[in-house]
Amino acid sequence: MNKNILLTGGAGYIGSHMAVELLNNNYNVIIVDNLINSDKSVLKNISRITNKSAKFYKIDICDDELETVFKENKIDAVIHFSALKAVGESIEKPELYYKNNIGGLENVLEMMEKYDCNDIVFSSSATVYGKPEYLPIDEQHSLSAINPYGETKIACEEILGALYQENNSYNIAILRYFNPIGAHSSGLIGENPQGLPNNLAPFVGKVAIGEVEKVSVFGDNYDTPDGTGIRDYIHIMDLISGHMQALKNINNLQCDSINLGTGKGYSVLEVIKAFETASGKKIPYEICPPRDGDVAQCYANCDFAKQKLNWQAKYGLDDMVSSHLNWIKK
Ligand code: NAD
Ligand code: WQD
């Protein structure tokens, strides 16, 4: 029988791509999202791509109403995407982040226990490594938070670790994403932040299509070859195939934390260059002071993902950038 997979935050950027992949692979998909950072139109586009529908509940995962979802569906596994993720906002409103991200996970776990669901894939982040002590970063790197958003991810990982210690019949995958960018090849779903994007790729995308005049490059004096910050950008569809592998191998995972990146870093100027090549347009930029809390370089060692999940990223920066442009032009 086809498995029922609950995607919390499934209307969001990563969740919507996951929904498409699961439906295409004959899973039944149940999405719970309060649409605080997404739009219902995403659901229609998921159906347009797959010719199938995800079941949708507009529910806040922190509410008691979440029980309805578990009562009405036999959930086989949860992929827990739901979270607030804006670093700046988390500094202004830490309590909101603790309540939403940590409280939300606790509520989901309570329901899983009550309704006998043992399998969970959790969205963590490279932010849990804080300021890198060495590169590339492997999963043994120490954890530290540089903002409340990061604190919530570390706290959630600890909650899952404690749960597994208490009851090892749970199957838990903690996936630490590096910098996911790009979009589905249909151009019907992608990352669509409201207002001016905080993250590099969506911002450069807006400049490429003429919606914003120029990119502010945050610092050119880092200890990197061109002086600008280096990150491990990973194509959204590679990130999704990592989740598919985690789901398929979940019985062999012992609450493992696993990096999902490419292992290769690109600088801000290299990203701008890739957008210039893909769009055929000059992208104006201006060097600005460094952004508070930024690190010079961050990229992953992905050996563990290869070993545990038989997974590695296959797309390069050009694919990521052209798929993003295809999406925003549409
Ligand atoms: P997103 O904001 O696009 O998606 C998150 C979804 O969760 C949104 O649709 C939002 O409406 C929903 N949501 C938030 N709080 C909710 C609540 N209380 N109840 C119900 N729904 C709620 O973000 P994304 O980029 O798709 O990120 C998914 C997950 O991956 C998050 O946990 C995020 O922290 C993590 N992550 C993202 C990145 C990234 O760069 N995008 C990197 C590392 C980790
Ligand atoms: C990348 C590089 C900036 C914007 C953030 C979160 C992290 C994770 C992923 C969720 C840096 C530079 C950026 C701009 C710039 N999210 N930059 N001009 O900071 O690596 O990670 O998103 O877990 O928690 O902190 O990504 O895309 O914001 O920045 O020069 O307008 O681009 O300084 O070097 P970051 P980013």
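Trainee: How many salt bridges does a search of the whole structure find?

Mentor: Please keep in mind that this is a predicted model. A salt bridge is counted where a side-chain nitrogen of Lys or Arg lies within 4 Å of a carboxyl oxygen of Asp or Glu, and the search of the whole structure finds ten of them. One of these is formed by the side chains of Glu-191 and Lys-85, at 3.5 Å from N to O. Glu-191 belongs to the loop between β7 (179-181) and α7 (200-208), whereas Lys-85 belongs to the loop between β4 and α4 (87-92), so this pair ties together parts that are 106 residues apart in sequence.

Trainee: Are Glu-191 and Lys-85 buried or partly exposed?

Mentor: A residue is called buried when its relative accessible area is under 20%, and exposed when that area is over 50%, with partly exposed in between. Glu-191 is buried because its value is 10%, whereas Lys-85, with a relative accessible area of 42%, is partly exposed.

Trainee: Which residue forms a salt bridge with Arg-176, and where do the two partners lie?

Mentor: The partner of Arg-176 is Glu-157, and their closest N and O atoms are 2.6 Å apart. Arg-176 sits in strand β6 and Glu-157 in helix α6, so that the pair links distant parts of the chain, 19 residues apart. Both partners can be read with the accessibility cut-off: Arg-176 is buried at 3%, and Glu-157 is buried with a relative accessible area of 7%.

Trainee: What separates Lys-273 and Glu-276 along helix α9?

Mentor: These two residues lie three residues apart in helix α9 (residues 268-279), which means that about one helical turn separates them. Elsewhere, salt bridges that share partners join Arg-231, Arg-291 and Asp-294 into one network.

Trainee: Which residues does Leu-175 touch, leaving out those up to four places away in sequence?

Mentor: Contacts of this kind show what surrounds a side chain apart from its sequence neighbours. Leu-175, which is found in strand β6 (residues 171-177), touches Val-121, Phe-122, Ser-123, Ser-124, Ser-125, His-243, Ala-246, Ile-258 and Leu-260.

Trainee: Where does Ser-142 lie, and which residues does Ser-142 touch?

Mentor: Ser-142 lies in the loop between β5 (119-125) and α6 (148-166), and counts as partly exposed at 32% relative accessibility. Leaving out residues up to four places away in sequence, Ser-142 touches Val-128, Tyr-129 and Glu-133. From Val-128, Ser-142 is 14 residues away in sequence and 8.5 Å away in space, C-alpha to C-alpha.

Trainee: Which residues form the negative surface patch?

Mentor: The negative surface patch is formed by Asp-63, Asp-64, Glu-65, Glu-106, Glu-110, Glu-113 and Glu-166. Helix α5 (residues 94-114) supplies the largest share, three residues. Glu-110 lies in that helix and is partly exposed, with a relative accessible area of 48%.

Definitions and conventions. Residues numbered from 1 in each chain as written. Chains lettered and ligands numbered in written order. Predicted model: local features only at pLDDT ≥ 70, side-chain atom pairs only at ≥ 80, totals over all residues. Heavy atoms only, no water. Patch = residues over 30% accessible without salt bridge, like charges linked within 9 Å, V, L, I, M, F, W, Y side chains within 5 Å. Areas by Shrake-Rupley, 256 points an atom, 1.4 Å probe, with all protein chains shown as cover. Lys, Arg positive; Asp, Glu negative; His and termini not counted. Charge placed at Lys NZ, Arg CZ, Asp CG, Glu CD. Helix = DSSP H or I, 4+ residues; strand = E, 2+ residues; numbered from the N terminus. Buried < 20%, exposed > 50% of the residue type's maximum accessible area, 1.4 Å probe, protein only. Contact = heavy atoms within 4.5 Å.
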